[in-house]
Each structure stands twice: as C-alpha cells, then as structure tokens.
Amino acid sequence: MQDITMDADVIVVGAGPTGLMLAGELRLGGAEVIVLDKLAEPTGQSRGLGFTARAMEVFDQRGILPRFGQGESLAVSDVGHFGGVQFDFTALEGAHFGARGIPQSQTEAVLAGWAADLGADIRHGHEVLALDEGFLDGDHAEITVVTPDGVRRMRARYLVGCDGGKSTVRKLAGIDFPGTEATRAMFLADITGVDLKPRYLGETLPGGMVMAAPLKEGVHRIIVCPHGAAARSAEDTVTFAEVAKAWEHITGEDISGGGAEWVSFFSDATRQAADYRRGRVLLAGDAAHIHLPAGGQGLSTGVQDAANLGFKLAAVATGRADEALLDTYHAERHPVGRRLLMNTRAQGLVFLGGEKAEPLRSILTELTGHHVVRRHLAGIVSHLDIRYDLTEGEETGEGAHPLLGRRLPKTVLSAPEGATDTFRLLHAGRGVLLDLTGDARLRQVAAAWTGRVDTVTATPADRDTLFAGAAAVLVRPDGHVAWTGSGTTDGLQTALTRWFGTPAAH
C-alpha cells in the first residue's frame, strides 16, 4: 500500500482543558498531535472555578501544579457539599473538596503552555466542517477544516472530539447523545462594582439558589438559579440586567448598579454519548457527557478522560500497541461518566428542588451525620473512589489486592537515588513497575518494555498499610494500579503487554 503523508498521528478538536490535557498526554507518549480550535483566541473568561481532588492528583502526577503559581499547596477546603448539604470531606483519607478559586482561563493557559512545551501544535481559528468515512472504518482519513488561510484538508490516524457539549465531531461521527432535555435556565456572571457577602457553597432561598465568591479585587462570581426560569435555546443570549433582576428576586439585593465582565447561562440538561469511540473517532470531556455543573466535576472528569485515553491512544497511534487497547477507554470511562450524571442529577434535585425537596434535604443532612455516608459522598464528588475492573473480564473480587484498579495515592518513597514519591515517578508519563523488595526477576521481565515502563526499587513509608500483601505494583501512566505481585512475577508479562503493547525484540 502506498504511504500516505499524515499531518499528525492524532488531531484533537477543542482547546479547552480536556483537549489540552490530552495533547500533553499524547506528546508524552510519543505521538504527533495537532489541536484545532474554532475560536481565534482563548476567551479569557473564568468559567469553571477550580477542580476536584482527583484532577489535582492528575496534575500532580505530571508535575503541573507549580505552573499554577502556588506550588503544590493550592487552596483547598475540607468542607464540601452534596447538593448544598455540607459535610467534612476528611471522612475519606486524603480527600478534600478540590482546588478553589482557579479560573478556567488559568487552567487552560497552564495546560496550553505545558502541551506546547512538549511539542503539541495548537492552532486557533480552525473549524472542522466535514469528516470522511475513513475515520470510521479505514486506516486513516481526512477532515475538512476552515482555517485563517482558507479551507483545507487534513489527515490523521485518529480524531478526538474535545469540542464541548455541542460537539461537531460527535455529530459528524453519528454518535448518539441520549439523555434528558433541559428543564430550567440558570445564570452565571463575573460582576463588578458591587460588594457581596460570600456564599461559597450556595444559599437556598424561597425564590431559588444563589452562590457568590470573590474572584479578585472588585470582581465576584455569582451563580443564580431562580425557580421557574424556563429552559432556553442554546442560541439565546442573556444580559446583565436579566441576571441582576433574578438575583434581586431571590436575595432582595439590588446589584443593577454594577456591571459584568461577562454573563452566560446554563441548564440542567443531562446527556452521555452512547459510544466514546467509533472507529478512529473518540470523544472526551463535555463532548462525551454534559450535566448540571456541580463542584467542578465536568472539567475534572474531562481531565481524567484525557489521562485515561492519552497513553493508550499514543501507544496505538505510534504502532506500539494493538487497536484493542482503545476499547478499554470506553469500558473504563463510560461507567464513570454514567455515575457522574447520576450524582449531578441527584444534587440538582436536592439543591434546586425548592420546597418540595426540603424533606429530602433534611434526610440527607441526617445521613451525613454518619461517617460511612460522609465517606461515600466524599468519594463520589472528589472522584477518589474510582476503581477500574482490570481483571481481564472478571469481576474485581475479594481475591484481588485492594489497590488493583485504583489510583495509587501520593506516597513518599525511599530509593537508592534518594527520596521521591509515587507521583514524581509518573511525571514522564510512562508506566512504573514499583519493586518493593529488590526482586531481580521483575527487571528481567520488564526489560522488553524499557522506555515505556520504568522499574524502580524503593521502600514506601507506609508499606504495611497501603501496600500490605504486595511485593510489587505496576502503575499505568494515569496512576491506576494495573498489577500487583506477592513475591512472584505471575501475570506481570500479560499486564505489561495489555497496557504497554508488544514487547520489544531483544
């Protein structure tokens, strides 16, 4: 077959947090990547404010946290909420409500800088118009793109839609997006010229729910959820006067004398793509799932989609792994998305249900008095409870080590080269085979994956608890444990092949 020149191994559509995170992950995996975004430049709007504890871990695993300008000690809170019912997140070890006060524009700038430093080609002012059938059933394909220099064709081995809830890529690929229609409209704005009391976790009043938080000197973010506000068309616009009127209706406070840096509206529409992959087209972030924004979970889930997909797609696109590896992306992330939609719909009922929901709020408040309930809710909202089934089609049962399928927490390690930690070992985006006993057989088995998996001999400070019963663990680039050993190498070669591709010839 004649060689065909590719513009990139992967084209990512959408330069939001998900698309930019994916671009960096693909570059760490050795894939050539182009990111296309139809906007001429980033909006600079704050939009989402912060991200969950799990998203913070993803950034920490790549050494990105210092790029936010606050080192590794971003502002977090031990107090969070589920549908406005507040509780202490420390019921779950290492949990918190996530990083707060970080505008989405900053997150995008950080991720864009990181991805560009790794060699990602980010192009603004490029809008995808058409998709060839080859992306669905061929070995490559072309897309038609409007660029600042005119219409052109671009080729890649894979295309990923990270282009939001109205995803053009999803529509062109013919992927269904079932779910529930919007039932109400809600407003958000960054306002100036007024002084508001903070309502960080929201306040429920007879007329609706409001949130308020200072962003910077003279600027407040507000969210206004009036009862009875009808759903709006996606093409509609909203004015500051409408937002101010809704705010006064709920709170009695007149903010009409101020102004707004920007205003927008959102809804409670809930949808999830039926398939996260169709042929050579994949979806991530809001292109794959939309829901009521609650606790920064949308941005954070998109970032985790990218971390899960990135190393797999890089391995397949560069020919190191079989295409079947991509099937694990849908298998692992679609259930996570389904659970996300469940928890945000439940929060919407509790938070925005008005007087009818008061009995439900009262019962939920009682339930959060129990440690086991707080622990469960903290795991849901922080995403720290995610566990993938990595047992080759068998249910993750009692016989599996508790770490298998879970993310490996940040743990201090003592290695011959000096002190380190489990997240630092993942900065390069490769897998890590952590040898806790100095077993030479592990290095021998893993030698065929050199360059894809780093074998590290180290002693953890809390081995007797976290690693109890494990003499070695294999950690995927996304931080999830793919194999545990108890003094043998049984199953290690299978796990290495499954997650890191065909072994190199000796």
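How much space lies in the largest cavity? About 50 Å³. The model is predicted, with local features needing pLDDT of at least 70 and side-chain atom pairs counting only at pLDDT 80 or more, while totals for chains, interfaces and linings use all residues. Residues are numbered from 1 along each chain as its sequence is written, and side-chain values use heavy atoms, with hydrogens and water left out.

**Cavity**
- The count is 1 cavity of 30 Å³ or more (a set of points on a 1 Å grid over the protein atoms alone where a 1.4 Å probe fits but cannot get out; volume is the space filled by probe spheres set on the points, which are joined across faces, edges and corners).
- Lining residues (an atom within 4 Å of a point) are Arg54, Val58, Gln304, Ala307, Asn308, Arg333, Tyr388, Asp478 and His480.
- Helix H2 (53-61) and helix H7 (297-317) each give two or more residues to this lining, and H7 has the largest share, 3 residues (helices are DSSP runs of H or I, at least four residues; strands are runs of E, at least two).
- The lining holds 3 nonpolar, 3 polar and 3 charged residues.

**Sheet**
- Four strands form an open sheet in the order E24-E23-E26-E27, with mixed pairing (pairing needs at least two DSSP bridges between two strands).
- Strand E24 (453-457) and strand E27 (481-485) are the edge strands.
- Strand E23 (431-435) pairs with strand E26 (472-475) in the antiparallel sense over 4 bridges, and Leu434 has Val473 in E26 as its bridge partner.

Key: On a 1 Å grid over the protein atoms alone, a cavity is a set of points where a 1.4 Å probe fits but cannot get out, and a pocket is an open set with protein on both sides within 12 Å along at least five of seven lines; lining residues have an atom within 4 Å of a point. Ala, Val, Leu, Ile, Met, Phe, Trp, Tyr, Cys and Pro count as nonpolar, Asp, Glu, Lys and Arg as charged, and the others, Gly among them, as polar.
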